[in-house]
Amino acid sequence: MHTQDFPQLASIERIEQGFEALGYICSTKIATAVFLAFQLRKPVLVEGPPGVGKTELAKTCSELLSVPLIRLQCYEGLDEAKALYEWKYGKQLLYTQVLKEKLGDLLHGAKGLAESVERLHQFGDIFYSEDFLEPRPLLKAMQQERGAILLIDEVDKSDYEFESLLLEILSDYQVSIPEIGTVKADVSPMVFLTSNNSRDISDALKRRCLHLYIPFPSVELEERIVRSRVPDIDATLRHQLVAFVHSLRELDLKKAPAISETLDWARSLLLLHASELDTALVRSTLNVLLKFEDDINNAESGLDELLRGAGSAG
Amino acid sequence: MQAALTGFIQLLRSHDLRVSPAETLDAMAVASALGYADRGRLRDGLALSLAKSAREEAILLRCFDQYFGRELVGEKPAAADPAADPATTGQEAPASADEDARLLAEGAAEFAALAEALQTPLLQQLLADDRTELSLSLGQAGAATGLGNIRMFTQKGQYTRRMLDALGEETLRRAVVELEQAGSPLLELLKGYRDRLRDEVRGYVEQQYLLNAEGHNRQFMDDILSRTRLNQLEQRYMDEVRELVRKMARKLAARHSRKPKVHKRGQLDMGRTLRRGIAHDGVMFHTHWRKVRRDKPQILALCDVSGSVAAYAKFLLLFLYSLQDVLPRVRSFAFSSHLGEISELFRDYPVEKAIELANWRYGGATDYGRSLEDFAELALGDINSSTTVIILGDARNNGGDPKLEIMQGIYQRARRVLWLNPESRRAWGSGDSDMLRYQSACHVAAECNNLQQLERIIDQLLRQNH
């Protein structure tokens, strides 16, 4: 991708503005990462707790640039046939059946086995050409004319072997297919990898990427996010609910509420026509924020104090 | 500015961040894409490209603040003014500086040494309060005296002296002596400037010490800790040792996970290929290759948690469980008077807590015979040719029946049996130690009482599993 094609990415400020217009409020650091990824043509490895907008970042980027988003969801056992390319076996089979009949004509007049084989050798490996190639996400991302956003989601769920497969793609934006040769991207895609840190990513992969860690946002940033995503909500309630979520994150929870949960909660409060947080309301809607029974019990026991901390009537 | 950046990377390396040459180039590219004008942005950018985890990022940001706090001279270093003591230098507002210069110039007619001192750029800079020039001179003097090599806090005085000499403080000193002998009223004034210079230099040396020595001191400390006998480590070092174990484990994990798996693509299996082709009307679409298949290794760790060995068991377990990525199938057993499996403790609790619980559950007078019986009942059936059994204990059986036949049974079934004994080899077999007998039923029996030995043994273990 070149700068002249995408003026949206020309400076950090423009990226921030562009993202904001699309409803993705980000810190300067995130914008810097996108800017650098674009300028240096490097993939970005995005880490952080679940629900802070890692996947959303890639989606917003593709919206901002209006290029396709190609997503590869990683899981244990993912291999190159599903990630990179596969041969169209069915088509190959069908064509051999059709061509079988032609075989007689082809070999007509050949003397002996040696000569027949000789004649067959004169034909290239037609069955292993691009016509029979089924591109999977990684190869597809290389082939896009205007460039693409490639999102390799939850790369920590894949196996170590798969990581090595990614190395060639991420450093040179090319894929080696033994039967054909090297396929190089004309317009290199912008790559985002996300990880939830369920295991360590290998150093080789990390070295090729910009490492972006997205933590839970600050109170101020989160309020802006809520304002942009749930614009109808009342300002005082918004302030209270963000402060409450922040104090929840201080507790020892199995899973701390992320931005997506804050937004869900804000939407539910809006539906309930709440104007202010109170104990009963919070108690009845706490299951939107917390997903484990233990966490809910834990939070309920100190609910009054939490609410007082959040500056509400209690 | 490039020199500053390489200096910064040097600093990162001394703080345990691995920065390869390629990453140095990346950092340069980042700096040129972002420019040096916006400090915060450069900080973010370098963090993005050089740090590889949240932990590394925190270190990097701290180093950045330390390092570029001084380096970006244009910004007028705020903290670099330790000479704020009002008794000596309080009067040095720029307005009175001109006055001082005039007074001193008048005195120069009278005193030869003062005249000489006034000629030097050093005093000129001090008089003019030219911070940029002064910090440049400090930097040059620092480079000339090799201040970057400072390692110990005891070296600070020595380096301060050398710095002062390199700056040409001698002429200033001589002028002070001369004024003192003559009892001139200018003495206090000049002394003020001299003290100010000394403070300046002392502050600079202090800063350089923090920058350069901290990282090296930690390496030094790590080195010592990894060679100390584990049961003699003081409680206050425990946190550091734990961190060290994790670091070693990470290193081992990185080394061994990088090795390509032996998954040989062997010869073409013609028979199977033909059989598979039948479905496609004899067309051989799927080729079948003979493969060499390797099972993932399974490790059974038996740890003596009686008082004498518990400290070691802790570290062995800490090590093994820090290696989950390369050794996913570790089962652990704790024993003393009897034996039980403690794997599930490690699933439910963090490693330290789990070890504590195991200690509490199985501690007591050691009975190796009974413990081996328990083990045979629990796990002997699971031992096969891909199993490695690690036993950690001092083999001091309190005179009980050693049940050597069970050990021999394990020895025959397992791929490898390793016995780690924290006692030194000379003590094996003395008193109630059954080590020499048990040793006959082990593939390897090794002495293991500090982290380095532990690391070496586990390294070998991993190597042979490939």
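Colleague: Is the crossing of α1(B) and α2(B) left-handed or right-handed?

Modeller: This is a predicted model, in which local features need pLDDT of at least 70, side-chain atom pairs count only at pLDDT 80 or more, and totals for chains, interfaces and linings use all residues. Residues are numbered from 1 along each chain as its sequence is written, with chains lettered from A and ligands numbered from 1 in the order in which they are written. A crossing is left-handed if the near helix is turned anticlockwise from the far one by less than a right angle, and right-handed if clockwise; the crossing of α1(B) and α2(B) is right-handed.

Colleague: Which residues of α1(B) and α2(B) make the contact?

Modeller: Two residues are in contact if their C-beta atoms, placed from the backbone, lie within 7 Å. On α2(B) they are B:Thr24, B:Ala27, B:Met28 and B:Ala31, and on α1(B) they are B:Gln2, B:Leu5, B:Thr6 and B:Ile9.

Colleague: In chain A, what is the order of the strands in the open sheet?

Modeller: Strands (E, at least two residues) are DSSP runs, numbered from the N terminus, and two of them pair if DSSP finds at least two bridges between them. The pairing in this open sheet of 5 strands is parallel, and the order is β2-β5-β8-β1-β9.

Colleague: Why is one side of β2 and of β9 in chain A left without a neighbour in the sheet?

Modeller: β2 (69-73) and β9 (210-213) each have a single partner strand, so one side of each is left without a neighbour, because both stand at the edges.

Colleague: Which residue in β9(A) is the bridge partner of A:Leu45?

Modeller: Strand β1 (residues 44-47) of chain A runs parallel to β9(A), and 4 bridges join them. In β9(A), the partner of A:Leu45 is A:His211.
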